[in-house]
Amino acid sequence: MEQKEDRQHPASLNTQEDVAFNLVILSLTELLSLGGLLGNGAVLWLLSCNVYRNPFSIYLLDVACADLIFLGCHMVAIIPDLLPGQLNFPGVVQVSLAMLRFFCYMVGMSLLAAISTEQCLAAFLPAWYLCRRPRYLTTCVCALTWVLCLLLDLLLSGACTQFFGQPSSQLCGVLWLVVAAVLATVCSVMCVSSLVLLLWVEHGPQGHQPRGFPALILLAVLLFLFCGLPFGIFWLCWNLDWHIPHHFYHLSFFMAAVHSGAKPVVYFCLGSTSGRVLRDPLRLVLQRALGDEAELGAMREASHGGLVDMAV
C-alpha cells in the first residue's frame, strides 16, 4: 500500500555494491517464510483438530491463520525484488499483496495484545476468569479484530491507491496517522501487560521462573517488539514520507519473516521436554506449551456445565 504511486521504490535506491546484500537477505526471507508456512500450518492443524479448545488456544489458532496468510503473500511479494528486471507484477497484484500482508500483520499484532491482556486478567483475577468471564468473549474479540482490521485495510486501500478509484492524499495521510496511533497503543498494551505478567511470574505464588503459557506470551511479545515491529515502522515511514535508513527496506521484510515464522518454534520448544523432543507427538508438545491454561480452560468449561465442584 503506497501513498504515492509515482514515488521511487525503496529497492531501486540501492547501489551496485548492495546487490549481494539484498540477494542474501531476500533469499533468507524466502527460506524463513517457507519454514514459517510449514510451522504455522502444523500449528493450525493441531489446534483445530486435536488440542483442547480453551480460550488461549483459540487466540493462537487465529494468530497462526494470520501468520500463514501473511507469509504466503510475503513470499510472493518479494519475488520481483529477488529477481530485479526479470519479473514485475501488475499494479493490481502488488496492491492486493500489500493489502493482505498489512491486514494480516495488523490482525496478528492486535490478537497478541489481546492474548497478553487476557493472560494478565487470568493471572490476577482467577475467580472471575473461572466463573464470570463471558463464555464467548474470545470468539467475539477475534471476530471483532478481523473485522476492524479489514475495515481499516480497505479504507487505506481506497484512500491511498487506485484500487477502488481515485486516491485522496489528505485522507491517506490521516489514516496512516491513525495506524501510527493504533500501532503505538497496541505496543504499549503489550509492553505493560507483559511487564505486569513478568512481575507476577517472578513474585507470584507459582515460582520464580516463567513456565507454561505465561512464558509463551512473554517470548511472543519480545519476538514482536524486536522482529515484527520494524515491518510496521517501515510502512509508516514509507507512507508518511519519513526518512528510511538505506538497508531498512529489505531488513524489515526479513525480520517480518522471522517474526511470523519463529512463533511455531517457540511453541514447540516450550512444549518439549529434555530428551523427549523427537519421541513426543506434536499434539502433546503443543498442548504442553499451553501449560496450566489448558487445565484452566477445562475448569472453565466444567464450571459452565455446573460441575465446578467436581473440577475443583
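Which helices each supply at least two residues of the lining of the second largest cavity? Select helix 2 (55-77), helix 4 (91-124) and helix 9 (248-271). Helices here are DSSP runs of H or I, at least four residues, numbered from the N terminus.

This is a predicted model, where local features need pLDDT of at least 70, side-chain atom pairs count only at pLDDT 80 or more, and totals for chains, interfaces and linings use all residues. Residues are numbered from 1 along each chain as its sequence is written, and side-chain values use heavy atoms, without hydrogens and water.

**Stop one: the cavity**

The structure holds 2 cavities of 30 Å³ or more. A cavity is a set of points, on a 1 Å grid over the protein atoms alone, where a 1.4 Å probe fits but cannot get out; lining residues have an atom within 4 Å of a point.

Go to the second largest cavity, with a volume of about 60 Å³. Select its lining: Asp67, Phe70, Cys104, Tyr105, Gly108, Met109, Phe224, His259 and Ser260. Helix 4 gives the largest share, 4 residues. Colour the lining by class: 5 nonpolar, 3 polar and 1 charged. Gly counts as polar and Tyr and Cys as nonpolar.

**Stop two: the surface patch**

Now select Val92, Val93, Leu150, Leu154, Phe163 and Phe164. They make a nonpolar surface patch of about 480 Å². Patch residues have over 30% relative accessible area and no salt bridge, with nonpolar side chains joined within 5 Å. Helix 4 and helix 6 (137-160) each give the patch two or more residues.

End on Leu154, in helix 6.

Terms used. 1 Å grid on protein atoms, 1.4 Å probe; cavity = no way out; pocket = protein on both sides within 12 Å on 5 of 7 lines; lining within 4 Å. Points joined across faces, edges and corners; volume = space filled by probe spheres on them. Patch = residues over 30% accessible without salt bridge, like charges linked within 9 Å, V, L, I, M, F, W, Y side chains within 5 Å. Areas by Shrake-Rupley, 256 points an atom, 1.4 Å probe, with all protein chains shown as cover. Salt bridge = Lys/Arg side-chain N within 4 Å of Asp/Glu carboxyl O.
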